[in-house]
Amino acid sequence: MIPRVHDMGNDTYGLLEYLYGPGRAEEHVDPHLVAAWDRLAPDPGRGPKATQRDLQRLLDQPVMALSESTRPAEHVWHLSVRAAPEDPILTDEQWADIARRMVAATGIAPEGDEAACRWVAVRHADDHIHIIATVVRQDGRRARIRHDGARSQAEARKIEVDYGLRRLNTGDKTAAKRPTSAERHKANRQRRERTPREELRERVRRAAAGVVGEQEFFDRLAAAGLLIHQRVAPSGDLLGYKVALPDDRNENQEPIYYSGSTLAPDLSLPKIRERWAAKASEPDRDAATEPSSGSARISPSTARRQATRAVWQAVLVLDQGDDGQIAAQLAAAGEVLDALAKTSAAHTRRELRDAAFVFERATRSHIRAQRGHAHGLRRAARDLLHGGPALGRGEDGATTAMLIDMLFFLVTAAAHWHGMKEHAQQAAAAREAAEQLRAAYQAAAPVFLGVMHQRGHRLSQPLLRKQAASLRRAVPELAEQVLAEPGWYALAATLADVESAGHDPAALLAQAAARRELDTADSISDVLVWRLRRMADLPADASSMPPHTTPARTATRETAQRNAKGKDQSGNTR
């Protein structure tokens, strides 16, 4: 149940004319009253002789009874109440009860108050009603409607329980504005997957991912095919911007523009400037690893591997950082998701796009982000975009799976943090994003894990036993569970690769397993595979690696090494 208090107005008739009219997109069907302050109130929708003017005069009567000097400048109160998409269609009687509860909760018409405001509830669609009221009570006093928005939300939570509806999370006023009913109907009529508002929000977010300056930002908006209008002060300073889709036009065939701030609170020009302003004012501890603007173009696989490292560091911040640092990491994580979705291969694009779309809600809260602490993730987003589209095969595809795996843990950690802070909507968005990432991983990883699985099956029994011993030594509490997983053979092959690269498999495995969130993984062995390959700097795609040596050859090499150690510097045996 989604209530929304609209701006106050001064035209009762104009609002009634809209509610009883066809709507901006011909979306209004059978407009009629479901409830009113007086059961005999005229219904212009179904009353044969009732008119909108009749209803307007009755609603405005207490207002007009005041002297002109004491009338409020704006006296029309408007609340829309919408059911969630998955809720059942409610009857007129049920909507009438909901309307009475809403006007009572908000102070328009407290229960039992005979001198309360006059109001009506109009239904012109299956899924919502509009409540219109005049805020002068019938005793001439002004209604007490302070905090009406919060009160309507609180009542909506109770209604959801009483009617068995989907229980929505309480917001904190940091969410992006929802598409209006007219926008949704227009999108459906035009067979758009998303409304122009949502499409623009996604394109602007992608344009802002990792951006380091104003000109680059606007260049990206233009490259995304958007119409751009900049608001410039007389001094020549840029004050703001708005964007439009070329094919989204009004009845006069004019583009319909949306300002950045109406798309989302963090997409206004001042908020976007904060992203690169923090970079300019803070020393970059990782500058040595950042490609310069004049360097060769980074490859998609290198960009993904570097992004995986940055995401890993962000996971550690969520474990140990303060709230401002964590908020900055989550905001920048949204940029990484946007960049990855834009550059992903076809078989993961839909899931990654959906993950980025829903995680957007988890990137903002009332906790102010200390943006100087998110350079690594912002640089990762930039590198992903500069690396360009990735193939779904080879090292590009394998590093994509590795990055998705790490992002899953970051997003899961974000859900946990938001839950601890009682950010209900953000926590729910992060959990939903995690499920989308899980689906993307399942599309990206199997072919590469399959290669490692085959390599593991080709290991000799002595070498398999050796890797199992390393597993038991490093993580005794997880060993038997991992050995029983189908992914064990891929992990065994990776442990052998780790050893061939000169690392201690047990030591590195202990480090990998000591990290958080293993209990949320579908397969612990899969997680450890990707962590080990990242930590040991092994190719994510194991198909290019040579087969493992046999135990006999390994023993011969170890014997030679021992013999070499037994000689002094002159070559003589000690």
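Guide: Let's start with handedness: a crossing counts as left-handed if the near helix is turned anticlockwise from the far one by less than a right angle, and as right-handed if clockwise. By that rule, helix 10 and helix 11 make a left-handed crossing. Keep in mind that this is a predicted model, where local features need pLDDT of at least 70 and side-chain atom pairs count only at pLDDT 80 or more, while totals for chains, interfaces and linings use all residues. Residues are numbered from 1 along each chain as its sequence is written, and side-chain values use heavy atoms, with hydrogens and water left out. Helices (H or I, at least four residues) and strands (E, at least two) are DSSP runs, numbered from the N terminus.

Now the pair itself. Axes here are lines fitted to C-alpha atoms, for helices over the stretch in contact, and angles run from 0 to 180 degrees between N-to-C directions. Who touches whom? From helix 10 come R304, A314, V317 and L318, and they meet Q325, I326, Q329, L330, L340 and T343 of helix 11, contact meaning heavy atoms within 4.5 Å. Those contact residues split into six nonpolar, three polar and one charged.

For another geometry, take helix 16 (residues 446-457) and helix 21 (residues 524-535), whose axes come within 12 Å and cross at roughly 85°. That pair is therefore roughly perpendicular. F448, L449 and M452 of helix 16 make the contact with D526, V529, W530 and R533 of helix 21. Here the residues divide into five nonpolar, no polar and two charged.

Helix 13 (residues 375-387) has 13 residues and reaches 18 Å from first C-alpha to last, close to the 18 Å expected at 1.5 Å a residue; the expected span is 1.5 Å times one less than the number of residues. Helix 13 is mostly covered, with 11 of its 13 residues buried, among them R378, R379, R382 and D383. Buried means under 20% relative accessible area, exposed over 50%, and partly exposed in between (1.4 Å probe, protein chains only). Just past helix 13, G388 has a positive phi of about 85°.

Helix 4 (residues 148-163) has 16 residues and spans 22 Å, close to the expected 22 Å. Its buried residues are D148, S152, E155, A156, R157, I159 and E160, and they pack against strand 1 (2-5), strand 3 (76-82) and helix 3 (92-106). Helix 4 is followed by G164, again with a positive phi, near 65°.

Finally, step back. The protein chain holds 22 helices and eight strands, and its C-alpha trace spans about 115 × 55 × 40 Å along the principal axes. Of the 574 residues, 52% are buried.

Definitions and conventions
Ala, Val, Leu, Ile, Met, Phe, Trp, Tyr, Cys and Pro count as nonpolar, Asp, Glu, Lys and Arg as charged, and the others, Gly among them, as polar. Angles under 35 degrees count as roughly parallel, over 145 as roughly antiparallel, 65 to 115 as roughly perpendicular and the rest as oblique.
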